[in-house]
Amino acid sequence: MLSILRSIWTILTHTFRRRVTVQYPDEEPYLPPRYRGRIILSRDPDGEERCVACHLCSAVCPTDCISLQATEDETGRRYPEFFRINFSRCIFCGMCEEACPTYAIQLTPDFEMSEFKRQNLVYEKEDLLIDGPGKYPDYNFYRVAGLAIGGKDKGEAENESPPVDIRSLMP
Amino acid sequence: MSETLRLILIVFGVLVAAMSIAAGLIWFERRMLAVWQDRYGPNRVGPFGLLQVLADMIKIFSKEDWIPPFADKAVFILAPAIVITTVLMSFAIIPYGPNIQVVDLNIGLLFFLAMSSLGAYSVVLAGWSSNNKYSLLGGLRASAQMLSYEIFMGLSLMGTVMLAGSFNLADIVYAQRGLWFFIPQIFGLVVFLIAGLAETHRLPFDLPEAESELVAGYHSEYSGMKFGMFFVGEYLGITLISGLIVTLFFGGWIGPFLPPVIWFLIKTGIVITLFVLLRGSLPRPRYDQLMSLGWKLMLPLSLLNLAVTGAVLLVLR
C-alpha cells in the first residue's frame with residue numbers, strides 16, 4: 001500500500017525533471033565527428049580526385065549499393081569513370097570507408113537525405129564529390145605511393161629511396 | 001417559455017461540454033503521460049499541440065469502419081452505442097451549479113448506479129458479438145470485474161447518502177456547505193475511487209482490454225468510429241466518475257469567489273489529472289489479484305465504513 005503511494009509520488013516528481021526529448025527540427029542533435037551518415041568522395045590537397053577506382057569498396061559493400069567503372073587518364077592515373085551509390089540500399093555500415101586504401105570514400109555526420117522519389121536516392125559522382133580532403137587534410141596517395149605517373153617518376157615519392165639498378169654490380 | 005429554453009440550453013450545454021472534454025482528454029492524457037515520462041507529448045499541431053484533438057478526430061472519422069463477416073452484426077453495431085448512451089445519461093443528474101442540472105431526480109445516485117450497471121452490457125455484448133476468443137475473454141473479464149466492483153461502489157456511497165440524508169445529488173452538495181464529505185468519508189472516497197477506476201476499466205484496472213494479453217480485449221475487432229465510440233465512452237466515463245467524486249466528496253460546485261460552474265470544472269479537472277497520474281504510475285494487477293482485492297479488501301472496508309458511519313450518526317442523534 002505504502003509502496004503504491006510512493007510510486008505515485010515518484011511519478012509526480014517527474015513533472016519537474018529535465019525532458020529527454022530532443023526537439024529535432026527546431027533543435028539540432030549533437031552528432032560525433034565520426035558519425036556514419038551520408039557518404040562522400042573526397043579530393044586530395046591538390047584538388048584531384050582521391051579515388052583510384054580499385055573496386056574494394058564495391059567488393060566489401062554488404063548490400064552491393066556501390067557501382068563504379070575504372071578508367072585512366074593519359075598520365076596513367078586511375079580514376080572512376082562513373083561512381084554511383086544507391087542510398088536506398090545503403091545501410092551506412094562504413095565498411096567502404098574502412099576498405100578504401102586512399103581515404104577517398106568517407107562517411108559524414110549528415111543524415112538528412114530524405115526524398116520523395118526513390119530514384120533521387122541514387123547519387124552519381126558529381127553528387128558525391130566534395131571540394132575538400134575530408135577527415136585527412138594532408139594525405140595524398142600519389143605523393144607517397146611508389147608509382148610512376150605523369151610528373152612524378154620512380155623514387156620521387158615522399159620517403160622513397162631512388163630505384164636500385166639491379167643489373168649493376170656497384171654498391 | 002424561458003424555463004423550457006433554459007432547460008434546452010442546459011441539456012445542449014452539458015452534452016457539448018461533456019463531449020468536448022472527452023475529446024480534449026485524448027490530448028490531455030497523452031500530454032500528461034508524456035510529462036511524467038520526461039517527454040513532451042504531442043506539441044506540434046497548433047498551440048501546445050491542442051489541434052491534435054482535431055487531427056485525431058479527422059483521422060478516426062475517415063478510417064474504414066469494418067464489420068467482420070463472422071460477427072453478429074446487429075449486436076456488434078449496438079454495443080458501442082450502449083456505452084456512450086449510458087454514460088451520457090448519467091451526466092443528466094450531476095449538479096453543475098446551483099439549479100444548473102438537467103434533471104433533479106430524487107433518486108439521482110441510484111440512477112447513476114443503474115446506468116453504470118447497464119454500461120457493463122456494452123463491453124459484454126461487444127466481446128460476445130465479435131465472435132473472437134480474445135474479445136470474448138475481454139468481455140468475460142469485464143463482466144466479472146464490473147459485477148464485483150459495482151457492489152461496493154454502491155455501498156461506498158451509502159455513507160455519503162446517510163450524512164446527507166438524501167439520494168438527490170443537489171441535496172448532497174447542499175449538505176456539504178459546512179464540511180466536505182471527503183473528511184468524514186475518507187474510506188468511502190478511496191473505495192469509490194478504486195471502484196470508479198474498475199468501472200471505467202481504466203489503467204491499472206484495464207484487464208478487459210489488457211493489450212499485452214488480449215490484443216485489445218473486447219474491442220479487438222472494432223475499427224473506425226465504432227472503436228472511437230468505445231474510446232470516447234471511456235473518456236466520458238472518466239469525466240463522469242471525476243464529476244461524481246467532486247459532487248459527492250469535494251463539495252461539488254461549492255467554493256469561494258469564483259462562479260460555481262468554474263469551481264466544479266476546476267475540481268473535476270484535478271480529479272481527472274489524478275486518474276491520469278494513476279495510469280502513469282501503477283502496473284496492471286493479475287486477474288485473481290483484482291478479484292481478491294475487490295472481495296477481500298474493498299467489500300469489507302466499505303461495509304465497515306457503512307456500519308461505523310451509521311453508528312456514529314445514531315450516537316450523535
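Which share of the contacts in chain B with a separation of 6 or more comes from residues 24 or more positions apart? The share is 76%, where two residues count as in contact if their C-beta atoms, placed from the backbone, lie within 7 Å. Please keep in mind that this is a predicted model, in which local features need pLDDT of at least 70, side-chain atom pairs count only at pLDDT 80 or more, and totals for chains, interfaces and linings use all residues. Residues are numbered from 1 along each chain as its sequence is written, while chains are lettered from A and ligands numbered from 1 in the order in which they are written.

**Fold of chain B**
- Chain B has 10 helices and 0 strands; helices (H or I, at least four residues) and strands (E, at least two) are DSSP runs, numbered from the N terminus.
- With a radius of gyration of 20 Å, close to the 20 Å from the globule rule for 317 residues, chain B is as compact as a globular protein of that length. The radius is taken over C-alpha atoms, and the rule is 2.2 Å times the number of residues to the power 0.38.
- Along the principal axes, the C-alpha atoms of chain B fill a box of roughly 65 × 45 × 45 Å.

**Contact with chain A**
- The contact takes 10 residues from chain B and 11 residues from chain A.
- On the chain B side, helix H1 (2–36) and helix H9 (260–281) are the elements that give two or more residues, and H9(B) provides the largest share, 4 residues.
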